[in-house]
Amino acid sequence: MREPNLPGFADDDPVARAEQALADLSSEFSSWMQQECDRLDAARQRIVQGGFNKATREALFHAAHDIKGEAATFGYPAVAAAAESLCRLIEH
């Protein structure tokens with residue numbers, strides 16, 4: 001990490017670097033979201049097959065929670081709201 005008093009430090013824009021990193025990865029977002037949805041569906045299928053127990057509940061919750069956290073970044077903000085609702089249902 002560069003020190004603030006060194007030349008070139010003022011030119012460093014961490015927000016711009018982060019935005020560029022997201023832009024560079026954006027072509028992967030739909031694939032990643034599909035993988036997360038597949039994981040959520042697999043958790044749902046385990047509940048259908050084996051019942052709603054601690055392990056299947058946790059798998060469903062974690063899949064929904066991860067989608068909730070990633071969906072807006074991946075360009076799917078409506079999915080984040082649905083995943084958040086599912087997390088609340090599971091919790092309560």
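These questions and answers concern a predicted model of one chain.

Q: How many helices and how many strands does the secondary structure of the chain come to?
A: Read from the N terminus on, the elements of this predicted chain run α-α-α-α. The secondary structure accordingly comes to 4 helices and 0 strands.

Q: What percentage of the residues of the chain count as buried?
A: A residue counts as buried when its relative accessible area is under 20%. Applied to the 92 residues of the chain, this gives a buried share of 18%.

Q: Are helices α2 and α3 roughly parallel or roughly antiparallel?
A: Two packed helices are described by the angle between their axes and the distance between the axes. For helix α2 (residues 29-50) and helix α3 (residues 54-70), the axes come within 9 Å and cross at roughly 160 degrees. Since angles over 145 degrees count as roughly antiparallel, that crossing makes α2, relative to α3, roughly antiparallel.

Q: Is the crossing of α2 and α3 left-handed or right-handed, and how many residues of their contact are nonpolar, polar and charged?
A: The crossing of α2 and α3 is left-handed. The contact is made by residues including Met 33, Cys 37, Leu 40 and Ile 47 of α2 and, from α3, residues including Thr 56, Leu 60, His 62 and Ile 67.

Q: Is Thr 56 buried or exposed?
A: Thr 56 is found in helix α3, and, leaving aside residues up to four places away in sequence, it touches Arg 46, Ile 47 and Gly 51. Its relative accessible area is 9%, and because the cut-off for burial is under 20%, Thr 56 is classed as buried.

Q: At roughly what angle do the axes of α3 and α4 cross?
A: α3 passes α4 in a left-handed crossing, and the two helices are roughly antiparallel to each other. Their axes come within 8 Å, and the angle at which they cross is roughly 150 degrees.

Q: How many nonpolar, polar and charged residues does the contact of α3 with α4 have?
A: The left-handed crossing of α3 and α4 has a contact to which α3 contributes, among others, Arg 57, Leu 60, Phe 61 and Ala 64, while the residues from α4 include Val 79, Ala 83, Cys 87 and Ile 90. By class, this contact has 10 nonpolar, 1 polar and 4 charged residues.

Q: Which residues does Phe 61 touch, not counting residues up to four places away in sequence?
A: Phe 61 lies in helix α3 and counts as buried, at 15% relative accessibility. Not counting residues up to four places away in sequence, Phe 61 touches Cys 87, Ile 90 and Glu 91.

Q: How many disulfides does a search of the whole structure find?
A: A disulfide is a covalent bond between the sulfur atoms of two cysteines. Cys 37 is partly exposed, with a relative accessible area of 31%, whereas Cys 87 counts as buried at 3% relative accessibility. For a pair to qualify, the sulfur atoms must lie within 2.5 Å, and the number of disulfides that the search of the whole structure finds is 0.

Q: Is Ala 78 buried or exposed?
A: The place of Ala 78 is in helix α4 (residues 77-91), and its C-alpha atom is separated by 9.6 Å from that of Lys 68, 10 residues apart along the chain. With a relative accessibility of 61%, and because over 50% is the cut-off for exposure, Ala 78 counts as exposed.

Key: Residues are numbered from 1 along each chain as its sequence is written. This is a predicted model: local features need pLDDT of at least 70, side-chain atom pairs count only at pLDDT 80 or more; totals for chains, interfaces and linings use all residues. Side-chain values use heavy atoms; hydrogens and water are left out. Axes are lines fitted to C-alpha atoms, for helices over the stretch in contact, and angles run from 0 to 180 degrees between N-to-C directions. Angles under 35 degrees count as roughly parallel, over 145 as roughly antiparallel, 65 to 115 as roughly perpendicular and the rest as oblique. A crossing is left-handed if the near helix is turned anticlockwise from the far one by less than a right angle, and right-handed if clockwise. Contact means heavy atoms within 4.5 Å. Buried means under 20% relative accessible area, exposed over 50%, partly exposed in between (1.4 Å probe, protein chains only). Ala, Val, Leu, Ile, Met, Phe, Trp, Tyr, Cys and Pro count as nonpolar, Asp, Glu, Lys and Arg as charged, and the others, Gly among them, as polar.
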